[in-house]
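Try each task yourself before you read the solution.

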Amino acid sequence: MRTPLFVASLLGLLLSGTAAAQQADDEEVPAFDRPGLGLGTGIVPRGAMALELGLPSYTRDTDRDGVRSEQFGSEVTLRTGLAPRLELQLSGSPWQRERMRAPTEPSLRERGTGDTQVALKWLAPLRTENDRFAVLAYATLARGNAAFSEGRQYALAGSWEHDFTEDLTSDLYVSHSRGDGQRATVWSPSLSLALGPRWSAFIEAGFTHTRGEPNESVAGGGVTFLWSERIQLDASLDAGLDADSPDLQAGVGLAVYFD
């Protein structure tokens with residue numbers, strides 16, 4: 001899909017979602033998956049949609065040879081319900097930009113698109129209201145430019161949420177992916193705290209083990225703000241905890257629910 005057509009379609013969906021967000025009704029809006037390393041357990045009802053945008057994301061890293069890379073990117077996820085506990089997700093990165101600079105060489109710049117993901121998310125039926133468990137199975141289609149593609153990947157992820165109080169929630173996220181000759185496991189614990197009817201904050205840590213490569217570990221957090229019952233703004237930042245991890249990962253986002 002060409003970028004102008006993609007942007008036009010995206011704006012149409014966003015405007016429709018904003019109009020729907022202004023309607024006064026009592027329908028409960030599911031939690032968005034943004035932001036953070038983990039996975040939310042909310043499921044979009046059948047016939048409804050959630051549009052989640054990263055505007056933009058930023059990653060900075062310096063390797064042991066002193067090569068510094070900076071990457072900006074956009075992230076788009078469209079979620080829609082298929083059944084009471086099942087939803088379909090389509091994700092992509094229509095715009096990516098990377099700059100690499102070595103100590104004694106001129107900087108290199110790349111622009112292009114990232115890969116596309118197709119996913120199914122299922123919420124398990126549990127007997128307690130204080131616990132929620134969701135599973136996400138997804139496939140990454142190598143549709144992006146070579147500089148921004150990780151190749152075809154398949155992954156299975158799970159997220160367990162537990163409410164300590166009405167305002168304090170813990171989450172444990174685990175995923176395993178394989179493909180293109182690689183296998184990687186990620187796990188991430190986090191704590192979320194509601195600061196009021198509109199604001200909330202979270203702290204998190206993330207640990208990645210990739211076969212044949214150094215382990216990575218990051219930690220950070222973020223905030224969310226409910227502009228309305230159906231529109232969320234967010235910001236997050238994670239910093240690397242060792243020399244083999246990305247120095248900085250940050251982003252701001254917008255999420256809209258509509259039906």
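Accessible areas come from the Shrake-Rupley method with a 1.4 Å probe. Keep in mind that this is a predicted model.

**Exercise 1. The whole chain**

Task: Find how many helices and strands the chain has, what its accessible surface comes to, and what share of its residues is buried.

Solution: 
- Step 1. Of the 259 residues in the chain, 39% are buried.
- Step 2. Now take the contacts between residues at least 6 apart in sequence: 52% of them join residues at least 24 apart.

**Exercise 2. A glutamate in a strand**

Task: Locate Glu52, decide whether Glu52 is buried or exposed, and list its contacts.

Solution: 
- Step 1. Glu52 belongs to strand β1, which covers residues 49-62.
- Step 2. Its relative accessible area is 4%. Buried means under 20%, so Glu52 is buried.
- Step 3. Setting aside neighbours within four places in sequence, Glu52 has contacts that include Phe32, Arg34, Glu75, Thr77 and Leu254.
- Step 4. Asp33 is also in contact with Glu52. A polar atom of the Glu52 side chain lies 3.1 Å from the backbone nitrogen of Asp33.

**Exercise 3. Rings in a cluster**

Task: Describe how the rings of Trp199, Phe225 and Trp227 are linked.

Solution: 
- Step 1. A pair of aromatic rings is described by the distance of the centres and the angle of the planes.
- Step 2. The structure holds five aromatic pairs. In one of them, the ring centres of Trp199 and Phe225 are 4.8 Å apart and the planes meet at 40°, so the pair is tilted.
- Step 3. That pair links distant parts of the chain, 26 residues apart: Trp199 sits in strand β11 (residues 199-210) and Phe225 in strand β12 (residues 216-228).
- Step 4. For Phe225 and Trp227, the centres are 6.4 Å apart and the planes are at 85°, so this pair is edge-to-face.
- Step 5. Put together, ring pairs join Trp199, Phe225 and Trp227 into a cluster.
- Step 6. Check the accessibility too: Trp199, at 45%, is partly exposed, whereas Trp227, at 56%, is exposed.

**Exercise 4. A glycine and its partners**

Task: Work out where Gly206 lies and which residues Gly206 touches.

Solution: 
- Step 1. Gly206 is part of strand β11.
- Step 2. With a relative accessible area of 5%, Gly206 is buried.
- Step 3. Not counting residues up to four places away in sequence, Gly206 touches Leu37, Trp187, Ser188, Glu216, Ser217 and Val218.
- Step 4. Look at Glu216: it is ten residues from Gly206 in sequence, and the C-alpha atoms are 8.0 Å apart.

**Exercise 5. A surface patch**

Task: Name the residues of the nonpolar patch on the surface and place Leu126 in the chain.

Solution: 
- Step 1. The patch is formed by Leu126, Trp160, Leu172, Val174 and Trp187, which together have about 460 Å² of accessible area.
- Step 2. Leu126 is in the loop between β6 (116-123) and β7 (131-141).
- Step 3. Its relative accessibility is 36%, so Leu126 counts as partly exposed.

**Exercise 6. Cis peptide bonds**

Task: Examine the peptide bonds that join Arg34 to Pro35 and Leu55 to Pro56.

Solution: 
- Step 1. Most peptide bonds are trans.
- Step 2. A cis bond joins Arg34 and Pro35, with omega about -15°. Pro35 lies in the loop between α1 (3-21) and β1.
- Step 3. Leu55 and Pro56 are joined by a cis bond with omega about -10°. Pro56 is in strand β1.

Terms used
Residues numbered from 1 in each chain as written. Predicted model: local features only at pLDDT ≥ 70, side-chain atom pairs only at ≥ 80, totals over all residues. Heavy atoms only, no water. Patch = residues over 30% accessible without salt bridge, like charges linked within 9 Å, V, L, I, M, F, W, Y side chains within 5 Å. Salt bridge = Lys/Arg side-chain N within 4 Å of Asp/Glu carboxyl O. Helix = DSSP H or I, 4+ residues; strand = E, 2+ residues; numbered from the N terminus. Buried < 20%, exposed > 50% of the residue type's maximum accessible area, 1.4 Å probe, protein only. Polar contact = N/O pair within 3.5 Å; in protein donor to acceptor, adjacent residues only side chain to side chain. Contact = heavy atoms within 4.5 Å. Phe/Tyr/Trp six-rings, centres within 6.5 Å; stacked < 30°, edge-to-face > 60°.
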